[in-house]
Amino acid sequence: MSKPKISVSDLKLWYGDHETLHGIDVDFEAKKVTALIGPSGCGKSTLLRCLNRMNDRIVGCRIEGSVLLDGKDINAPDVDVVQLRTHVGMVFQKPNPFPKSIYENIIYAPQIHGMVDKQGMDELVETALRKASIWDEVKDKLHEPGTALSGGQQQRLCIARTIAVKPDVILMDEPCSALDPIATAKIEELIDELKQDFTIIMVTHNMQQAARVSDNTAFFYMGNLIEFGETSTLFSQPQQQQTEDYITGRFG
Amino acid sequence: MSLSPQLKRRYRADKRFKFYGLTAIVFALCFLIFFFVDIIGKAVPAFEQAYIQVPVSYNQSVIHNYNRAIPKEYRRLVSKSFLRTLGQKLEAHPELMNTTQEEWALANHRVDQFLKGHEGHGLKKKYRKTVEQMYQDGKIEFRFNTNFFTRGDSKMAENAGVLAAAMGSIMVLLITIAVSVPIGVMTAIYLEEFAPDNRFTQAIEVNINNLAAIPSILYGLLGLAIFINVMGVPRSSALAGGLTLALMTLPVIIISTRAALRSVPQSIRDAAFGLGASSLQVVIHHVLPLAFPGILTGSIIGLAQAMGETAPLLIVGMMAYIPDAPGSIFDAATVLPAQVYTWSSESIRAFEERTAAGILVLLTVLLSLNALAVYLRKKFEVRW
């Protein structure tokens, strides 16, 4: 395994008195797709949210252990959360475009981070939309509201919005769970293309999806990482009984 | 297939419930209609005012005693407010000296009420024949009552108007807006978007909710104690009233703003935070624009409530006889509802229709404010 992009070691997390993650050790490879699977409430989304510190805002949430991004602890006091999030972008379960135009949706983050000047704006919007393979569908209505698009298009718009900041890592929290099979297929195709440029970590409930798009898979259960490995291996020859039970649908 | 008895009973219960609901609505509507018919019926005559044509003799004695300008039999039919101006008029136009002019004068309120056929007009028997004759001869006529909108309060009923009170209301409202909206909105934003959720903020929240339910007269006492006694704001002034009403409106604005902020979907905040926006940017760029219509509506309704409020202003001395529109926020002023109250306690018959007309003016303003709130909400509402 090459040098990991993100390395999580002995990560424990509490919501109040309740320990949700019990010491997770996992490495995410650069420019690969890693799928996090497991039954509801197993801590996979919580782990994902630790990777760009979205848990910071939750009252009573406490973290121990380390999350290294390119060897640097993202929870260190000298790391700025705003800067971190320009390196680690996030796509959410429910498509959540801003109720503004498609153009404004894309340009918003680069503008607040001062990444773009007036001349470069059009080009940046086009590049981001092309990378998210939605350019052809929206190029004639860039100034119409992003919320008027279909669910699948909205989700790709959100992905375009995330990659407009040029992050290294994209976190996806069940990006297809609100979409129909055709829209899902398009997103999966897109993820396959995006891994050339980005490290992708996605949570999914859909076993087939994990098998189709990911290079590595991590299986969580009750706040523990049960098994982690190459997707093909994990799905064909799981080492743990629990993993086998889960992927064959015997529980969960 | 026939319906089972149980199902029939359920349908009957449905029908009964609908009937109760309908009855309640009809009942409420009846009250509303009665209220409006009564108010409008009483107010409409106030928008017409009797004017009388009398011979006015300008001479030296008028300067000292304006009563002498008019023949004795007409003297009581003319408003004193007309007679009072004669001396000044003569000074301004010396060429009128020693002439007699037929002039249209504002009629006394008794004449006005007598001709409108109102009970208790108070016109003496000996004048009634003359007045009726003059009316038939076209020497008394009804004109639109512009005085009602261009003058302040007066002891002469025919001369009393709402201008001073309306100006007072505007000043008070502007001060209330200037103080309560920024403070209320900022408080709500802080509590909703920035403050940690701990015992302290929970205590603040409970207290704000309680403040909204406190009898408004207590705010008057608070205003008296703080603004007038401690800070030395002039009594009866629009400033004192505005600040007091601002205190009263604050909780309403805070609560409605928080509700508006809370109705912004969490997913929008997530999206903005996920892109690396700071807390302030999330609020200013995304949350506030979406919450804006709600904030606006809540604020306008809170302010409309403040505008119709009388009790706290009673305590800070705004229930006063104010003949002239206040020149500044430090001058003694009164407000529309207080004016309505003052008039309603007058014994002269002509004040009754003025009370109703004052209510009508106040209601028009309040309904316009509410209509504005609805319009703005519709206009700025973001469609998903």
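Trainee: How many bridges join strand β3 of chain A to strand β9 of chain A?

Mentor: Strand β3 (residues 33-37) and strand β9 (residues 216-221) of chain A run parallel, joined by 4 bridges. Strands here are DSSP runs of E, at least two residues long, and helices are H or I runs of at least four, numbered from the N terminus. Two strands pair when DSSP finds at least two bridges between them. This is a predicted model, where local features need pLDDT of at least 70, side-chain atom pairs count only at 80 or more, and totals for chains, interfaces and linings use all residues. Residues are numbered from 1 along each chain as written, with chains lettered from A and ligands numbered from 1 in written order.

Trainee: What's the bridge partner of I37(A) in β9(A)?

Mentor: F219(A) is the partner of I37(A) there.

Trainee: Which strands form the sheet, and in what order?

Mentor: In chain A, 6 strands run β6-β7-β8-β3-β9-β10 as an open sheet with mixed pairing. β6 (88-91) and β10 (224-230) of chain A are the edge strands, each with a single partner, so one side of each has no neighbour in the sheet. On average, neighbouring strands of this sheet are turned by 15° against each other, direction ignored.

Trainee: Switching to chain B: at what angle do α10 and α12 pack?

Mentor: Helix α10 (residues 199-211) and helix α12 (residues 238-262) of chain B pack at about 120°, with axes 8 Å apart. The axes are lines fitted to C-alpha atoms over the stretch in contact, with angles from 0 to 180 degrees between N-to-C directions.

Trainee: Which residues make the contact?

Mentor: α10(B) brings I208(B), N209(B) and L211(B), while α12(B) brings P251(B), I254(B) and I255(B). Contact means C-beta atoms, placed from the backbone, within 7 Å.

Methods:
Two residues are in contact if their C-beta atoms, placed from the backbone, lie within 7 Å.
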